Every structure is written in C-alpha cells, then in structure tokens.
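Please consult it alongside the coordinates.

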Amino acid sequence: MKRLRSFVSITLLGGFMVVLPGAILVLFAEWLFGVISRLVQPFNEWVASWTPLTSYMADFTGVAVLLVGCFLIGLLVKTNIGQWLHDLIDDFLGKVLPGYQTINKLVSQLLGGEGNTSLLKGEACRAYIMGPNVPTSVTGIVTAKHANGDFTVYVPTAPFLTSGMVYHLGADSVVLLPHISVEAVMRTIIACGSGSQVLIQPPPEE
C-alpha cells in the first residue's frame, strides 16, 4: 500500500509539472487579453460609433494603438529623462507590489536585461550534450563562456522558453552559430522545431 501511494503521488506530481507550464501560459494570455480589452474599450466604443467597423475590427484598432503607445514609451526610455523616470517608477513599484522584482527580473532575463544577463545577449548554438562523437544535438543558447574554454548552454523546452535545462559543456561539444540570431532560435523553439533549417545553413560569404 505504501508503494502504491508513493507511485500515485509521484505520477500525479509528474503530470502536474508537465501541465503547469501550459496552464500558466494560458492563464497569463487570458489575463493579458482581458487587461488590454479593458484598456482599449473606450477607444473601441468611440471608433465603432463613427465607423462601419465591427467590434472585432475596433478591438484590433485599439490593440494597434496600444502597441504604438508601447513603442513610443520604448523610445522615451532610451532618453536620459525617460531612463530616470523608468528607474524611479521601477523602484517605487518594487517597494509597494510584492513579487514585482521577481517578475521584473524574469522578464529582463528573457527579453533584455542589463549587461550580459539576457538570453538575447547570448549566442545561438548546437549543443552535443552526449559528447562530440554522438551525432545527437540540441538547439541551445550560450549564456556564459568560461576561462578554460567551456560553455554554459541553456536548452529551452519547446514551446516554453522559460523552462529548460542548463548544461556545462566543453568547447568540442558546442558548435557556435554567430550568423544566426537568438530571436531566430527562439522562433524555432516556440514552433516546436519548425523552421530549424536555419540551424544548418552555412554562414554567408563575406
């Protein structure tokens, strides 16, 4: 009976760990869509009142305006005053909102943190995790280079970029792909390997 309980518990936990990333992604997407819909609702109603556009087209227009707003904010943050305001607001939110710093660091790691801490500042590679003599390789991103020539490689789990494995490999087990952007590698991972032909394309001739 004790073995049966242990088997059931471990099996349920394993299934939970498999389902959890997908559930979090779905819940986050649903929450984000709800937030965006509420933000652009007044604009949607205004657009729908003087144009023949359907509500769906009005939603699309509202989201487009929101994206333009994000772009303009991004331009502002590139200035000294914008960076100062961003740091001020960031510090304030970190003090009043529990968990804000954790979420902020997670997003920074994925989308572009300071210095060399971002995945986007890494380098695309094919990692031979079973050794250079075994033809099996995985799509990876080099996140650190060590003084002895070894590499630390992050291998995301498709289709979720925020979960994966970290490998410490010798230089002979890592093939760097400097001609391929990390964004291109991420697209193949999100697409569950679709479009991976770019990983075997030779570098362009100079």
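Five strands form an open sheet in the order β4-β3-β2-β1-β5, paired in the antiparallel sense. Strands β4 (160-169) and β5 (174-176) lie at the edges with a single partner strand each, so one side of each has no neighbour in the sheet. On average, neighbouring strands of this sheet are turned by 40° against each other, direction ignored. The model is predicted.

**Strand pairing**

- Five bridges connect β1 (residues 123-127) with β2 (residues 138-145), and this pairing is antiparallel.
- β2 and β3 run antiparallel and are joined by four bridges; A144 has T152 of β3 as its bridge partner.
- β3 is also joined to β4 by seven bridges, again with the strands running antiparallel.

**Hairpins**

- The hairpin of β2 and β3 has five residues between the strands, and G149 in this hairpin takes a positive phi near 95°.
- β3 and β4 likewise form a hairpin, with two residues between them.

**Helix α5 on the sheet**

- Helix α5 (residues 182-190) packs on the sheet and touches β1, β2, β3 (151-157) and β4.
- The direction of α5 makes about 140° with that of β2.
- Which residues of α5 are buried? They are V182, A184, V185, M186, T188 and I189.
- An α-helix has 3.6 residues a turn, so residues three or four places apart point the same way.
- C192 follows α5 and has a positive phi, near 55°.

- A nonpolar surface patch of about 540 Å² is made by I81, W84, L85, L88 and I89.
- W84, one of the residues in this patch, is located in helix α3 (residues 80-96).
- Is W84 buried or exposed? W84 has a relative accessible area of 55%, and because exposed means over 50%, this residue counts as exposed.

Definitions and conventions: Residues are numbered from 1 along each chain as its sequence is written. This is a predicted model: local features need pLDDT of at least 70, side-chain atom pairs count only at pLDDT 80 or more; totals for chains, interfaces and linings use all residues. Side-chain values use heavy atoms; hydrogens and water are left out. Patches are made of residues with over 30% relative accessible area and no salt bridge: like charges are joined within 9 Å, nonpolar side chains (Val, Leu, Ile, Met, Phe, Trp, Tyr) within 5 Å. Accessible areas come from the Shrake-Rupley method with a 1.4 Å probe; for residues, only the protein chains shown count as cover. A salt bridge is a side-chain nitrogen of Lys or Arg within 4 Å of a carboxyl oxygen of Asp or Glu. Buried means under 20% relative accessible area, exposed over 50%, partly exposed in between (1.4 Å probe, protein chains only). Two strands pair if DSSP finds at least two bridges between them. Axes are lines fitted to C-alpha atoms, for helices over the stretch in contact, and angles run from 0 to 180 degrees between N-to-C directions. Contact means heavy atoms within 4.5 Å.
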